[in-house]
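Subject: Structure handover

Hi,

Here is the structure for you to look over. My notes on it follow below.

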Amino acid sequence: LDEVNYANPLGNGGQLAEAFAELQRAVWQSEASSWNPKGLRRKFASLAPHLFEGYQQQDVQEFFAFCLDGLHEDLNRVSKRPPPLTDEEEAADERKSNEHGEEFAAALPWRRHLERGKSFLVDLLQGQQRSTLVCCRCGHTSRRFEPFLYMSLPVSRKM
């Protein structure tokens, strides 16, 4: 719990990180052969009531996204985020990226991302996606590098 960022306005005041820490202690450090998850469920329900409306099966992807995002924000090592880039700064970044090649073009937005969000979940799980658009009329190519913490992929019955 040394890395909990209780002051992060995007987090849950450390509540989600503390709940997960309690779960980890119960599973790995307890002599008990079982553990009652009612307290953990109550904590999740208080932080994200929309995930626990009624007693129906909920979307596991939405629950997983809530857990990863919430843990990341509760454990975010960045205490003061820089202001958003101005249009001039974005234009300068794009110019530098075009001048210095693909590796620089990927590294700059990653560095900008880490200025706003840095947790052990970023270290272990987060990646960066490159997307490219090509104009059918003029042939202009536009590329973007965007971070992701999880990637949704379709699953078919044939898999």
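Rings of Phe, Tyr and Trp (its six-membered ring) pair if their centres lie within 6.5 Å. On that basis, F20, F44, F52, F63 and F66 form one aromatic cluster. Bear in mind that this is a predicted model. Mean pLDDT for the chain is 91, with 97% of residues at 70 or more.

Aromatics. The whole structure holds four aromatic pairs. One of them is F20 with F44, edge-to-face, at 5.8 Å centre to centre and 70 degrees between the planes. F20 sits in helix α1 (residues 15–28) and F44 in helix α2 (residues 38–47), so this pair ties together parts 24 residues apart in sequence. F44 also pairs edge-to-face with F63, at 5.1 Å and 80 degrees. That pair links α2 to helix α3 (residues 60–74), 19 residues apart. F44 counts as buried because its relative accessibility is 5%, under the 20% cut-off. F63 is partly exposed, at 29%.

Helix α5. Its 13 residues (102–114) should span 18 Å at 1.5 Å a residue; the end C-alpha atoms are 19 Å apart, which agrees. A105, A106, L108, R112 and H113 are its buried residues. They cover an arc of only 160 degrees around the axis, so they lie on the same side of α5. Their cover includes α4 (87–100), β1 (127–134) and β2 (141–148).

Hairpin. β1 and β2 run antiparallel, joined by eight bridges. S131 stands opposite R144 in β2. Six residues separate the two strands, and G139 in the turn has a positive phi of about 85 degrees.

Best wishes

Methods: Residues are numbered from 1 along each chain as its sequence is written. This is a predicted model: local features need pLDDT of at least 70, side-chain atom pairs count only at pLDDT 80 or more; totals for chains, interfaces and linings use all residues. Side-chain values use heavy atoms; hydrogens and water are left out. Helices (H or I, at least four residues) and strands (E, at least two) are DSSP runs, numbered from the N terminus. The expected span of a helix is 1.5 Å times one less than its number of residues. Buried means under 20% relative accessible area, exposed over 50%, partly exposed in between (1.4 Å probe, protein chains only). The arc is that of the directions from the helix axis to the C-beta atoms. Contact means heavy atoms within 4.5 Å. pLDDT is the predictor's confidence in each residue, from 0 to 100. Two strands pair if DSSP finds at least two bridges between them. Rings of Phe, Tyr and Trp (its six-membered ring) pair if their centres lie within 6.5 Å; planes under 30 degrees apart count as stacked, over 60 as edge-to-face and the rest as tilted.
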